[in-house]
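Subject: Structure handover

Hello,

Here is the structure you asked for.

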Amino acid sequence: MPWTVNTRYGTMWTEIDVYFDGTNISQSVKPFLLSLQYTDYEEDQADDMQIKLQDANGIWVHSWLNDVIQDAAGGNTKGLAMLVHIWMGNTSGGRYHLHCGDFELDTLVASGPPNVVTIKGTALPWGCGIRTVQKSKSWEKYKLSEIAGEMAGKAGLSVYYDAPDDPLYDRVEQSCQTDIAFLEQLCKDAGKSLKCVCNRIVIFDQAEYESRAAYTTICWMDGSYTKYSVSTQEAESHYAMCKVSYYDPDKKKTYKGEYKAEDYDTLNDEQKQNILTITDRRVTSNDEAKALAMHLLRLYNKFEKVVEFTMVGDPMIGAGLTVYLAGFGLWDGKYMVKEAVHSISQSGYTTKIKLRNILGY
């Protein structure tokens, strides 16, 4: 039976579709389902799926899961495909759909009593090597999208590059790093976000996504949320300026660039302000040094204000969208959804979102 919940769209029913190694197990799962949790990240982490099942009679441990894994992978729990959809609808025929994505079985956990089986999946395949094998390599005359494409191709993944610019690297060193860790570093330095979803690497421009129209406005005590939390980061972790300096031993030249935050105090001594100094990043011009300074300043300061809401389930909201806050005083303004957790259980459907403030630079 579907679950009935009250949402921003009115009274709705909620259903899930679960596929495991190509088999639709939705009807088998529903009588035992304790919870289903899908986490959608903006960057740095692969989306993940977690399904908890009540297993009082040992059906899942001793029969179904055991048979499927033995048949599909010779006892290997890694590599099995998972696919999950969340559906919402009403008696008037309106329907909303959240394709949570394609996942690979990552972990199986059985615990008790009471007996519970937890199935965990990840959007970044375990066996592709992109997140496990450390490498050292010099990349010369490569664009960011080309580095991502080559790494993804070797891992059997695709790339979706969504940014107006594509940095070209004269030379950049990957030193004892996994491909995904190295690519994440390049993206951070270039002001890009990287995430893994549906067997592909997604790279997008943070500033461009932040400038898009907001999905909604959340007002103080407007009934759209059941819980909230607002906070600011520690003062010493906020930087007023970033300075980048790099000495090129081949050209015997030093390149410098700096970028100031909006609240930089031009009348105060720099020694009394928190300055981020970077000397270990290779740049080939002063302009490149200034651009890097801006991107790193954003990277360190974008969590100055953090907000969390627990809301009635909303399948339309996900990481990378923007929202406005109104009536929250210091926390009013525009934010990006950095994480959206969609949870379904016998008690209903909730969406928990974590927001980070959007900077004006």
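What follows covers salt bridges, then cysteines, then one lysine.

Please keep in mind that this is a predicted model.

Salt bridges. The count comes to 25 salt bridges. In one of them, the side chains of Lys188 and Asp44 meet at 2.7 Å, N to O. Lys188 sits in helix H4 (residues 179–189) and Asp44 in the loop between E4 and strand E5 (48–54), so this pair links distant parts of the chain, 144 residues apart. Lys188 has a relative accessible area of 23% and is partly exposed; Asp44, at 32%, is also partly exposed.

Arg171 and Glu173 form another salt bridge, with the closest N and O atoms 2.5 Å apart. Arg171 is partly exposed at 31% relative accessibility, and Glu173 is partly exposed at 41%.

Asp205 and Lys192 are joined by a salt bridge of 3.5 Å, N to O. Asp205 belongs to strand E13 (residues 200–205) and Lys192 to strand E12 (residues 192–197), so the pair ties together parts 13 residues apart in sequence. Both Asp205 and Lys192 are buried.

Cysteines. There are zero disulfides in the whole structure. For Cys187, the nearest cysteine sulfur is that of Cys196, 10.0 Å away. Cys187 is buried, at 1% relative accessibility, whereas Cys219 is partly exposed at 32%.

Lys30. This residue lies in the loop between helix H1 (26–29) and strand E4 (33–41). Lys30 counts as buried because its relative accessibility is 12%, under the 20% cut-off. Leaving out residues up to four places away in sequence, Lys30 touches Glu15, Ile16 and Gln346.

Regards

Technical notes: Residues are numbered from 1 along each chain as its sequence is written. This is a predicted model: local features need pLDDT of at least 70, side-chain atom pairs count only at pLDDT 80 or more; totals for chains, interfaces and linings use all residues. Side-chain values use heavy atoms; hydrogens and water are left out. Helices (H or I, at least four residues) and strands (E, at least two) are DSSP runs, numbered from the N terminus. Buried means under 20% relative accessible area, exposed over 50%, partly exposed in between (1.4 Å probe, protein chains only). Contact means heavy atoms within 4.5 Å. A disulfide is a pair of cysteine sulfur atoms within 2.5 Å. A salt bridge is a side-chain nitrogen of Lys or Arg within 4 Å of a carboxyl oxygen of Asp or Glu.
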